[in-house]
Structures are given as structure tokens and as C-alpha cells.
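Hello,

I am handing over the structure for you to look at, and my notes on what was found in it follow below. Please keep the view open while you read, so that each place can be looked up as it comes.

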Amino acid sequence: MQHIKTFQRKKLLVFILIIISSLGVLTGRLAWLMLDRSAYYSQKARDLHERERSIKAARGEIRDRNGIVLAANQSVCTISVIHRQIEDPEAVIAMLTKELELPEETIRKRVEKISSIERIRSNVSKELGDKILAYHMPGVKVDEDYKRYYPFDSLASRVIGFTGSDNQGIIGLEVKYDEWLSGEDGKILTLTDASGMEIEGTGESRQEPENGDHLVTSLDYNIQCYAEQAAYTVLEEKQADAVSVILMDPRNGEILAMVNVPEYNLNEPFTLTGKDAEDLPEKERQEQLNRMWRNRCINDTYEPGSTFKIITAAAALEENAVSLSEHFFCPGYKMVEDRKIRCHKTAGHGPETFTEAIMNSCNPVFIELGLRLGAHNYYKYFEKFGLLEKTGVDLPGEASAIMHAEKNIGQVELATISFGQSFQITPLQLITAVSALINGGTRITPHFGIRVEKADGTVEKTFAYAKSAPIVRKETSDTLRFLLEKVVAEGTGKNGAVEGFRVGGKTATSQTLPRSDRKYIASFLGFAPADDPEIIGLVVIDNPQGVYYGGTVAAPVMGGIFEDILPYLKIEKSGKEQTPDEKSGQ
């Protein structure tokens, strides 16, 4: 009996110890929660009783080099409803249906949805937002927002790009510089009770938005307008598929204009034009939109044709494979292995010096230079001149060249490459390479972004771009400028001449693939002043109808642009002709 009582006392003691231990653990846990985790749980409690609405940050402007605003903002409103605060659902539904011109079924579904906050419509005009706010209906919220606005509609559309419904960049500079332009949204915090109703007398706390920075670009509004007007004129006159123009400072790579006509309206970037455009299947519609948004200057490649003879001439001069006074004979073709490769002048140019050959754009002479260089040497200059890599331009989606591998370049491939066929590059790659060859030999990085500024004009960041060590001798650069000035003064590029100014350049006519389609590309690359270039331009006309030769169709376009912009750039007239450096022996 005594043994049983002892056992029961022990059990009771253990039970008491367990209770004491449990209370100790609970007390410790409570103390830990109260002391160490109080801030965490206080925040959780606040979160349960706070409703958050965003305050949109104003996106930074995109400006041209002179401060003209190319992309700005319009004040708009976002209309939302808070289900638990609505006192008269039917009145709210009727009002929103009327003012927003949306189907009653759509409005009803959102008003009756039990949620913290339900967005009804974004990008509502400020005037309409104020009108809805004036109804003073509980549960209806009108918050300020911003919508991207492009003052000049389609100007430089494929360069500037556009934003999506969330005001984030999608295409062009808008997406490339999104981190600078986008800013930081603010918040409106409202205290609510357990049922979600706002607590009277507590007011709202605000975290103000931080607006985006402004992007200053190298684009010049006036030069872009001149170039677009010229491009649209030739597009209509020649019933071409498209026209592209690039105007750049060859000394530093600043792009003053980039044109891809027909451009599209940046304020309506999802609107296709043309018959039955809106009835297209979704997949085909998206494909057409993608094509409409493409920047042909950087996204598309083409066979450059005779403008590439500048590259061949530079390589040959660097290798001392030719002199200016060397004599050639053009019978209208050149045999390479078993192939007869024709000159554009099928009757032949007859006897000519190298200077005359480049003025005449003679294929057989340039084939000869390519064969003299050989595949290995020639390929070395492709790499040296930057033709085997992207330019690094500050726009998304830049394409790479489509070039033969060196091991696959035989005599025939070498011959066709020498006058700009059987491979493809982008227009920007070509103009960037030639810039280096005429500026004294320095490879530059083409670009638009110059600096980022705060609203008060304070410079936040100035962008820097890579330049290379000289890639050709100064003598080679001097000689090329002399030769290309001769092309415009006396040769195939004479329609690109501008009275009173020294202009250099090169014409080209090439075919698109497949060649059986018999579609052509006319182009002209020009620069001024020829002795010390401050501006270089390239015009590419896709599938002009009727006469399609570069010297006839494209050269006058660049000549007309230069006639407008050279005085604007304060480039002085000069009648003096450049002569090659006597010491160069070229």
C-alpha cells in the first residue's frame, strides 16, 4: 500500500514538473515574441489593416541634342473601386458605365467582385477623371497616372520606341534606357478595419514618387525632319518598299538622324494600317506589327554593293597593292576560274587608272584588287574595320553580318565580295566602318545617348563610348577622301554634289535575294566636307520602281539632304579641291 502511494506521489511530481516546464517554455516564447518579434508582428498587423495604392512616377523625357522634347507624358487617371466601401452599387455601376463607355456587364463584374481594390480602367483622361471624382461616390477611387506621349507622332519612331500599358519601355531608346527613364512609383496607404472599411479620421499616408531622369540624345529634330521629308519624297516618287537614312558625325559616332520610312505613329503603336489590317488572325497580326517596328538600319542586313568598294580600296592601299596612277583595262568582264563576272558597263570601260576605276565603279578592277589581297589578308581587314562584329549601338536587336567563313572563301567568293556581293551587313555597320576610314583611322561607336539629367538640369551621368587606335594610316585615309571626292565631282556620284561644298561619296546598286525576283537596292554614301568630314550619310532605297541605279536614284536624295543641313550645321562653303598626299605615293 505504501509502495502505491509513493508511486502516485512521483507521478504527481512529474506532472507538476511538466506543467512548470511547459509554462516556462510558453513564457519564454511569449517574451521572445513580445521583445524580439514585436516589430515583425506589428508590421503584419498593419499590413492586414492597410490598403496600398500606387502613385505613378512620371517617366523621364527623351530630348534631342538641342532640348526639344521627343517623348513626354500626359496626365491621365486610373479608376478603381473598393467593394466594401460602396454604398450604392447600382448607382456606381450606372455612373461608370455611362462615363467610361464600357459594357454594363464588365462594370458590374468588377464592382461586385469582393477584393481589396479592383481596377476598372487605366489611361483615362484627366478631364474625365475629374468628372468621375466630382460624383463623390464612396468606394470609387480616382488616382493620378501618366501616359507616354510623343509630340511629333511618327518622328524617328523606330529609334525612340514606345512604352507598354505599365509605362515600361518596349522598343528603341525607351527600353534601352528604361532604368534611367522609369523612376520609382510612390504609395498611398490607407488604414482599414477588419472588414476592409477605411477608418475615419486616420487619413492617408503618402510616399511620394521619384520621377524618372531625362535622356538627352544626339538626335537633331531639324536634321531628322529634313531627312524624313527627303525619304518620304523618294518613297512616293519611286514607289519603293522602304527608304532608310542615317546621318552621323564620323568623328565621334553621334547619330544626328536615323530614318526608316514609312515610320509608324508612336501614339498608336499597335495600330496597323492597310486594308483589312484589323481582321488579321492574331499570329499574322503580331508578325506584321513586328515588321512595322523593325529598325532596318540596325535590325536588317543587305548586300551593300559598290559602296563596299571603299573597304576594298582601303585594304588594297594599306597593303600597297595598288597606286592611284596604276593602269588597268576593263573589257566589260573578268574571268575568275570558270566564271565570267561582268562589269555594270557591259561594253567595258577600256583603259583606266585606279583613280578612274573608282570614279567609274568598275567591277573588274576591284575584283583584281580582291584577288591580289587574297582571302587571308582581306579577312584580316574585315575584322580590323569592325565588319565581323556588331557596332555596339545603344539600341536593342542589332543584327550581325552574314559573312563567309575565311576557310570557305575561294577565288569566286573573293571576287564577288570585292565589289559588295555574296555577303550581308547592316547599313549601320557600313557607315561606321567608312567613318573610321575617312576620319583619319579611328573606329568609333555609333550612339544616341549623350547624358542623363535630373529635372533641375543637373547632369546625373554622361555616357562614354569606346574608340580604337588607328586602323589605317593617315595617308590611306587622306587618299580615300581624295578618291571619293573625285567620285562625286566627276564620277558616278555626281548627282550627290552640292554647289559650293566639297562632298565625297560612293554609289551602289545591288540585288535582293532571291535574284530571280529582280528587285534592287539603290544606295549612296556621302560625307562633307571632303577634306575634313563633319557629317556622313547613307541612304538606302529598297526596290525602287523604274530606274533603280544608285547614282541616279539615291545620290540626289543625299545631295538634297546635304543642301539643307550643311548650312544648318554651319559648315562653310569651299571651292578648293583636295589633292592626295604626295608622300603617300598613291
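**What was found**

At 40% relative accessibility, Glu460 counts as partly exposed, a class that lies between buried (under 20% relative accessible area) and exposed (over 50%), with a 1.4 Å probe and only protein chains considered. The model is predicted, so local features need a pLDDT of at least 70 and side-chain atom pairs count only at pLDDT 80 or more, whereas totals for chains, interfaces and linings use all residues. Residues are numbered from 1 along each chain as its sequence is written, and side-chain values use heavy atoms, with hydrogens and water left out.

**Salt bridges**

Glu460 forms a salt bridge with Lys454, and their closest N and O atoms are 4.0 Å apart; the term stands for a side-chain nitrogen of Lys or Arg within 4 Å of a carboxyl oxygen of Asp or Glu. Lys454 is also partly exposed, at 28% relative accessible area. By this rule the count comes to 31 salt bridges. Side chains of opposite charge can pair when their charged atoms come close.

Another of these pairs is Arg251 with Asp249, where the N to O distance is 3.0 Å. Arg251 is partly exposed at 42%, while Asp249 is buried at 9% relative accessible area. A further salt bridge joins Lys334 to Glu368, with the closest N and O atoms 3.2 Å apart. This pair links distant parts of the chain, since Lys334 sits in strand S12 and Glu368 in helix H14 (residues 363-384), 34 residues apart. Glu368 counts as partly exposed, with 23% relative accessibility. There is also a network of salt bridges, which links Arg59, Arg148, Glu174 and Asp178.

Val336 stands opposite Arg339 in S13. The two strands form a hairpin with 2 residues between them.

**Other backbone features**

Most residues other than glycine have a negative phi, and most peptide bonds are trans. His136, in the loop between helix H5 (126-133) and strand S5 (140-149), has a positive phi near 55° and is exposed at 69% relative accessibility. Cis peptide bonds join Leu513 to Pro514, with omega about -5°, and Ala528 to Pro529, with omega about -15°. Pro514 is placed in the loop between S17 and S18, and Pro529 in the loop between S18 and strand S19 (535-542).

**The five-stranded sheet**

An open sheet of 5 strands has the order S10-S9-S19-S18-S17, with antiparallel pairing. Strand S10 (255-261) and strand S17 (504-511) are at the edges with a single partner strand each, so one side of each has no neighbour in the sheet. Neighbouring strands are turned by 5° against each other on average, direction ignored; axes here are lines fitted to C-alpha atoms, for helices over the stretch in contact, and angles run from 0 to 180 degrees between N-to-C directions. Strand S9 (residues 242-248) and S10 run antiparallel and are joined by 6 bridges, and Ser244 stands opposite Asn260 in S10. Helix H17 (residues 474-490) lies across S17 and strand S18 (520-528), at about 70° to S17, where contact means heavy atoms within 4.5 Å.

**Helix H12 and the whole protein**

How many of the 10 residues of helix H12 (residues 309-318) are buried? The helix is mostly covered, and 10 of its 10 residues are buried, among them Lys309 and Glu318. After H12 comes Asn320, whose phi is positive, near 55°.

In total there are 19 helices and 19 strands, taken as DSSP runs numbered from the N terminus (H or I over at least four residues for helices, E over at least two for strands). Buried residues make up 49% of the 586 residues in the protein. Of the contacts with a separation of 6 or more, 73% come from residues 24 or more positions apart.

With best wishes

Technical notes
Two strands pair if DSSP finds at least two bridges between them.
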